[in-house]
Amino acid sequence: MEQVLHNINKLNRSLEGVIAVGNEFGAVEALWSQFENVMAKQPEQGEDGEAEGDKGAEEEEEEQADAGEGSKSRESK
C-alpha cells in the first residue's frame with residue numbers, strides 16, 4: 001500500500017511539472033494569436049495614409065499585456 005501511495009505522489013509531481021511548463025507558454029500563445037489576428041486583417045488606407053486597423057491593434061496589445069499580468073499573478077499563488 002505504501003508503494004502505491006509513493007507512486008501516486010511521484011506521478012502527481014510529474015503532472016504538476018508538465019502543467020507548469022505548459023503554463024509558461026501562455027504568453028507566447030497570446031502573442032502568436034495577436035499576430036495572427038493582425039495579419040488576417042486587411043486594413044483599408046485612410047486619408048492620412050495610415051491604416052484604420054492600426055489603432056485597434058495597439059489597444060489589443062495593451063489588453064493582452066494586462067491579461068498577461070493577471071495570469072502571472074494567478075500562477076504565483
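## Overall fold and confidence

The model is predicted, and its protein chain has three helices and zero strands, which follow one another along the sequence in the pattern α-α-α. Among these elements are helix α1, covering residues 2–23, helix α2, covering residues 26–40, and helix α3, covering residues 54–75.

The mean pLDDT of the protein chain is 75, with 53% of the residues reaching 70 or more. Among the elements, α1 has the highest mean pLDDT, at 93, while α3 has the lowest, at 57. Where pLDDT is low, the predicted coordinates should not be read in detail.

## Surface and burial

Of the 77 residues in the protein chain, 5% count as buried. The protein chain exposes about 7000 Å², and carbon and sulfur atoms supply 54% of that area.

## The aromatic pair

A pair of aromatic rings is described by the distance of the centres and the angle of the planes. The structure holds one aromatic pair, formed by Trp32 and Phe35, whose rings lie 5.6 Å apart from centre to centre, with 90 degrees between the planes. The pair counts as edge-to-face because the angle of 90 degrees is over the cut-off of 60 degrees.

Both residues of the pair belong to helix α2, where Trp32 and Phe35 are three residues apart, or about one turn of the helix. Trp32 counts as exposed because its relative accessibility of 56% is over the 50% cut-off, whereas Phe35, with a relative accessible area of 45%, is partly exposed.

## The nonpolar patch

Trp32 and Phe35 also take part in a nonpolar surface patch of about 730 Å², which they make together with Val21, Phe25, Val28, Val38 and Met39. Helix α2 gives the most to this patch, with five residues.

Val21, another member of the patch, lies in helix α1. Val21 is partly exposed, since its relative accessible area is 45%, a value between the 20% and 50% cut-offs.

Terms used. Residues numbered from 1 in each chain as written. Predicted model: local features only at pLDDT ≥ 70, side-chain atom pairs only at ≥ 80, totals over all residues. Heavy atoms only, no water. Phe/Tyr/Trp six-rings, centres within 6.5 Å; stacked < 30°, edge-to-face > 60°. Helix = DSSP H or I, 4+ residues; strand = E, 2+ residues; numbered from the N terminus. Buried < 20%, exposed > 50% of the residue type's maximum accessible area, 1.4 Å probe, protein only. Patch = residues over 30% accessible without salt bridge, like charges linked within 9 Å, V, L, I, M, F, W, Y side chains within 5 Å. Areas by Shrake-Rupley, 256 points an atom, 1.4 Å probe, with all protein chains shown as cover. Salt bridge = Lys/Arg side-chain N within 4 Å of Asp/Glu carboxyl O. pLDDT = per-residue confidence, 0-100.
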